[in-house]
Amino acid sequence: MVTIPIIDLTAFSNGDTITRQNIIKQIYQACHEIGFMYLQNSRISKDLIKQVFSYSKYFFNLPLEVKQKQPWSDEFNNTGYVSLERERLDPNKPGDLKEAFNVNKQAAIRIDPSILAFYDSCTELANTVLQAYALALELPEDFFITKHNQQNHTLRSLHYPPLQTPPKSGQVRAGEHSDYGSITLLFQDDVGGLEVQTPSGEWIAAPAIPDTVVVNTGDLMQRWTNDMFCSTKHRVIIPSDNRVNQSRYSMAFFCHPNDDTEIACLESCQKEQSPIYPAILAGEYLLSRLQATYGNS
């Protein structure tokens, strides 16, 4: 049975060569087999995470008319408030039972010092993960970092409100989807609902584990690696118990390459099969996926 591994990052940063190689091997295995992992000892301050969640709750508790003064307007900017059911991650299902607020680096600077500090901390952690990915794929350790140095990332606050009325047929809190970029860092509360699809098609729970960060691989990394690393489908279901009456909060940091980065099959990933995907610019791919996500809403 496939499970989501828990990997301690401490040894990657300051362990000896053999210990470090073991961590890189664990990360490779996680990316290759399931596309998800829990990272311990990320070095992101617990107090900072609490501050960011507190700010998120404050924002989502504001009246709707106040939140809508900062609306998500288009896929080119991809920042601002996304109202309930506005987004449809699974295009074949009703709109998602969630609301969100997206910020980029420039927006984070304007909003709140804790948001900016968290954005910067997530960027630092993402670079550490990208360094491990590069080493796992027999590439120079800064290979991916240099292709993400414009910090074209999106920090997304998410709120899944208590269910007031029965959901529509097939409606969930977040529809089945894969992420669009390189990697995603996810911080979640303990309400639960996140599920990950295994290679056999089974759905398994990915509950909150204290003092860990969930990391998953996105579509562009899967394309880059010729399917050696998998961008796994996941969703957030509606709880079947009394948690349906609770709000669920999470923070997702979507790490995306510089827009002008060409995503083409890496040479070290062509050992077993020729390139599966045509080359594409990272920015073009992101736009196409965002247009699909919001186009039917």
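## Close-up views of a predicted model

**View 1. The largest pocket and its lining.** The largest pocket is lined by 21 residues, and those nearest its centre are Lys46, Ile49, Pro210, Asp211 and Thr212. The model is predicted. The space in this largest pocket comes to about 530 Å³. H3, S7 and S10 each contribute at least two lining residues. H3 gives the largest share, four residues. By class, the lining of the largest pocket counts 11 nonpolar, four polar and six charged residues.

**View 2. The second largest pocket.** About 280 Å³ of space lies in the second largest pocket. Its lining has 18 residues, with Phe76, Asn77, Asn152, Asp259 and Leu286 nearest the centre. Helix H5 (105–111) and helix H8 (282–295) are the elements that supply two or more residues to this lining. H8 gives the most, three residues. The lining of the second largest pocket divides into 11 polar, four nonpolar and three charged residues.

View 3. Eight strands make up an open, mixed sheet. Their order is S1-S2-S10-S7-S12-S5-S4-S3. Strand S1 (6–8) and strand S3 (80–82) are the edge strands; each has a single partner strand, so one side of each lacks a neighbour in the sheet. From one strand to the next, the twist averages 25 degrees.

**View 4. The pairing of S1 with S2.** S1 pairs with strand S2 (residues 36–40) in the parallel sense. Three bridges join the two strands. Within this pairing, Ile7 stands opposite Leu39 of S2.

**View 5. Helix H3 on the sheet.** Helix H3 (residues 46–60) packs on the sheet. H3 touches S3, strand S4 (99–103), strand S5 (154–160), strand S7 (183–188) and strand S12 (248–255). The directions of H3 and S12 make an angle of about 115 degrees. H3 also supplies four residues to the lining of the largest pocket.

**View 6. Helix H6 across the strands.** Helix H6 (residues 113–136) lies across S2, S4, S5, S7, strand S10 (212–217) and S12. H6 runs at about 130 degrees to S7. How far does H6 reach from its first C-alpha to its last? The span is 35 Å for 24 residues, close to the 34 Å expected at 1.5 Å a residue. Just after H6, Glu138 adopts a positive phi of about 65 degrees.

How values were computed. Residues numbered from 1 in each chain as written. Predicted model: local features only at pLDDT ≥ 70, side-chain atom pairs only at ≥ 80, totals over all residues. Heavy atoms only, no water. Pairing = 2+ DSSP bridges. Axes fitted to C-alpha atoms, helices over the stretch in contact; angles between N-to-C directions. Contact = heavy atoms within 4.5 Å. Expected span 1.5 Å × (residues − 1). 1 Å grid on protein atoms, 1.4 Å probe; cavity = no way out; pocket = protein on both sides within 12 Å on 5 of 7 lines; lining within 4 Å. Points joined across faces, edges and corners; volume = space filled by probe spheres on them. Nonpolar A, V, L, I, M, F, W, Y, C, P; charged D, E, K, R; others polar.
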